[in-house]
Amino acid sequence: MTLLSAHGLERRIGERAVLDGVDITIEDRDRIGLIGRNGAGKSTLIRCLLGLETPDRGEIIRKRNLTVSLVEQVPPQDPRHTVGEAVLEGLSRQRALASQLEAVEASMAAVSGAELDALVLQQAELGEQLERLGGRAFEHRSHAMLDALRAPPVDRVLGTLSLGERRRVGLAVGLLRQAELLVLDEPTNHLDVETIEWLEGYLGSYSGAVLLVTHDRHFLDRVTTRMAEIDRGQLTLYEGSYTTYLLEKAEREAIAARAEANRQRAIRSELDWVRRSPAARTTKSKSRLQRFDEMVADAPVRAMGEARFQLPHPARIGKTILELHGVTKGYGDKRLVEDLDLLLTKGARIGIVGPNGAGKTTLLRMILGEVEPDAGAVEVGQNTKIVYADQGRTDLHDERTVLEEVAEGNDKIFVGERAVGVHGFLEGLLFDGSQQRAKVGTLSGGERTRVALAKRLRQTGNLLILDEPTNDLDLATLRVLEDALIEYPGCVLVVSHDRWFLDRVTTAILAFEGQGRVTLFEGGHADWRLARRDAPRAPLHGEPERPAGSTSAGVPERKGSGPAPSTPAAAKKKRRSFPEQKEFEAMEDRIMEAEQAIEDEEAELARPEVIRELGAEVSKRLEALEGRRAEVEALYARWEALSELDPYGG
């Protein structure tokens with residue numbers, strides 16, 4: 001069923017065509033990822049589709065009585081309301097239907113005959129509508145939703161919440177509406193990895209269609225069935241997930257590159273003719289000259305993400321950059337860090353991960369000297385110069401231009417021994433000449449984030465500390481930033497929930513695992529997740545202990561981690577046979593090996609040059625990858641079946 005379709009949408013802001021003949025159709029159960037540079041027109045397109053903004057031209061057809069839930073980056077909430085009152089607003093349709101249903105059921109006892117028959121039909125219709133919205137247990141579902149999103153308690157007043165807390169409440173309200181079309185603008189910002197993974201699963205089974213804007217590439221890969229890229233006013237649709245989009249885009253760009261090479265050869269040939277035969281330009285040659293002019297004018301515009309960005313290199317990197325010795329910190333009975341030792345060496349790029357409230361920002365503040373540890377010592381090297389970019393990024397002056405705000409009176413930035421002009425520095429972060437002259441107050445939210453990041457990163461230091469640097473950045477800027485951090489010769493500490501970013505950039509992961517336990521793992525985020533399966537994490541403060549025999553990933557602990565406690569119910573279960581027990585003991589390794597093979601294949605197929613190297617074989621590899629994913633699902637199903645049986649010797 002088609003929920004919404006748009007044809008020939010045009011929208012101009014000043015001289016710029018934000019939307020230039022855009023076509024899109026949204027079907028029931030679609031999962032569409034909308035991507036594009038900051039300021040490319042993603043928000044404008046969404047507002048036009050939802051009727052919040054009127055396009056200059058074009059047609060939009062919406063399903064009759066289409067229900068829509070829009071979750072914005074800054075939710076429009078009444079600061080006087082409590083979390084519970086906001087949730088009630090999200091449940092307004094369910095509550096109204098439940099009230100109508102109760103009234104009908106109360107009336108049925110006092111009537112008979114045709115009047116009763118009419119009420120029975122009305123009861124069935126209302127009951128069906130309520131069931132589509134999750135049934136009568138919607139209040140219980142709302143509490144479960146708030147718990148899953150780690151939202152504040154229901155009695156908290158919205159005006160007292162942080163932006164991250166308000167966004168989690170807004171996300172809960174948006175999901176609870178159970179609309180036919182759910183529109184999410186950067187839903188993963190301010191969520192920890194476990195909550196993001198829960199959201200991925202929830203959206204996978206969502207009954208309506210989903211249109212989402214996000215920079216989280218893992219999230220796009222897990223959730224989307226179609227990708228829509230907006231660039232210079234044009235919208236291009238790709239079938240499949242983010243990985244499939246990368247492959248198809250690489251193939252399209254390879255074809256475009258070949259076409260451009262042919263065009264250039266034709267231009268050179270025509271130019272040679274023009275130069276050699278000036279006297280032969282008779283009336284018969286006019287068509288050939290016209291074709292030459294058309295080829296010269298038909299130059300392709302610059303593709304997204306071509307710029308390169310280099311961080312200012314430190315003049316000197318000392319022997320001691322940063323050392324932590326037995327650092328301990330807590331508040332009241334909540335232990336955040338317990339006896340942490342850490343040594344930063346040249347070139348280390350450490351990703352700091354963990355749930356919200358686990359202590360990541362507190363650790364950064366201890367390193368910055370803003371908070372004293374309860375025990376232990378933080379030793380910052382004598383030659384260490386820290387550059388810190390926090391989450392807030394509020395120190396921008398709307399009346400300044402982008403160039404004035406970033407340059408702050410300087411016209412050069414030093415990258416190693418080489419001086420780079422501020423104009424070139426900004427171009428590396430994808431600010432062209434006109435954008436550099438734009439007032440900061442006129443920029444989109446993502447563009448403001450880029451300005452704030454550029455303002456911080458133009459400073460010279462040998463230890464970069466970045467707190468959630470990827471929030472609100474577009475994919476093109478993310479790739480540029482990732483490459484710059486990889487090439488940076490100093491040290492980097494980065495707090496991030498962006499799994500793709502961490503896998504690309506980090507050399508180690510510092511994981512907050514609960515109850516003060518902070519552990520260092522070599523490698524990226526995927527390596528940490530794999531290692532984490534071998535040992536259950538400590539529960540977070542206020543969280544119940546996990547049952548023996550399971551980890552947070554749902555895979556059983558390895559043999560030797562201790563038997564699960566027996567229960568009367570367990571004694572009634574069917575026992576495993578000897579072959580089944582051997583199969584069960586080997587099951588975890590099989591699952592981990594299969595999942596690792598999938599991750600390796602996904603990484604291989606995501607390489608930009610894979611189309612050129614493999615050609616038509618790519619489609620076969622994609623089909624085989626889907627088969628492997630199905631095999632993993634079958635392995636999990638088999639493990640669950642075996643786990644229901646008692647051990648053969650029990």
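Author: A residue counts as buried when its relative accessible area is under 20%. G233 has a relative accessibility of 1%, so G233 counts as buried. The model discussed here is predicted.

Along the chain, G233 and D20 are 213 residues apart, yet their C-alpha atoms are separated by 4.7 Å. Leaving out residues up to four places away in sequence, G233 touches A17, V18, L19, D20 and V22.

Now to the aromatic residues. The structure holds five aromatic pairs. In one of them, the ring centres of Y238 and Y245 are 5.0 Å apart and the planes stand at 85°; planes over 60 degrees apart count as edge-to-face, so this pair is edge-to-face. Y238 has 3% relative accessibility and therefore counts as buried. Y245 is buried as well, because its relative accessible area is 1%. Y245 also pairs with Y242, and that pair is tilted, with 5.5 Å from centre to centre and 40° between the planes. Both Y242 and Y245 lie in helix 9 (residues 242-276), three residues apart, which is about one turn of the helix. Y242, like Y245, is buried. Together with W500, the residues Y238, Y242 and Y245 form one aromatic cluster.

A ring also takes part in another kind of arrangement. The charged end of R450 sits over the ring of F431, at 4.4 Å from the ring centre.

N189 has its place in the loop between strand 6 (181-185) and helix 7 (193-204). Apart from neighbours within four places in sequence, N189 is in contact with R167, H215, N471 and D472.

Helix 5 brings R141, S142, M145 and L146 to the contact, while helix 6 brings A172, L175 and L176. Sorted by class, five of the contact residues are nonpolar, one is polar and one is charged.

Two further loops hold residues with a backbone angle worth a look. Most residues other than glycine have a negative phi. R29, which is not a glycine, has a positive phi near 75°. R29 lies in the loop between strand 2 (16-27) and strand 3 (31-35), and at 39% relative accessibility R29 counts as partly exposed. Q515 is not a glycine either, and its phi is positive at about 55°. The loop that holds Q515 runs between strand 19 (508-512) and strand 20 (518-522), and Q515, at 48% relative accessibility, counts as partly exposed.

As for the chain as a whole, its secondary structure comes to 22 helices and 20 strands. Of its 650 residues, 48% count as buried. Among contacts between residues at least 6 apart in sequence, 70% join residues at least 24 apart.

Technical notes:
Residues numbered from 1 in each chain as written. Predicted model: local features only at pLDDT ≥ 70, side-chain atom pairs only at ≥ 80, totals over all residues. Heavy atoms only, no water. Contact = heavy atoms within 4.5 Å. Helix = DSSP H or I, 4+ residues; strand = E, 2+ residues; numbered from the N terminus. Nonpolar A, V, L, I, M, F, W, Y, C, P; charged D, E, K, R; others polar. Phe/Tyr/Trp six-rings, centres within 6.5 Å; stacked < 30°, edge-to-face > 60°. Buried < 20%, exposed > 50% of the residue type's maximum accessible area, 1.4 Å probe, protein only. Lys NZ or Arg CZ within 6 Å of the ring centre and 35° of its normal.
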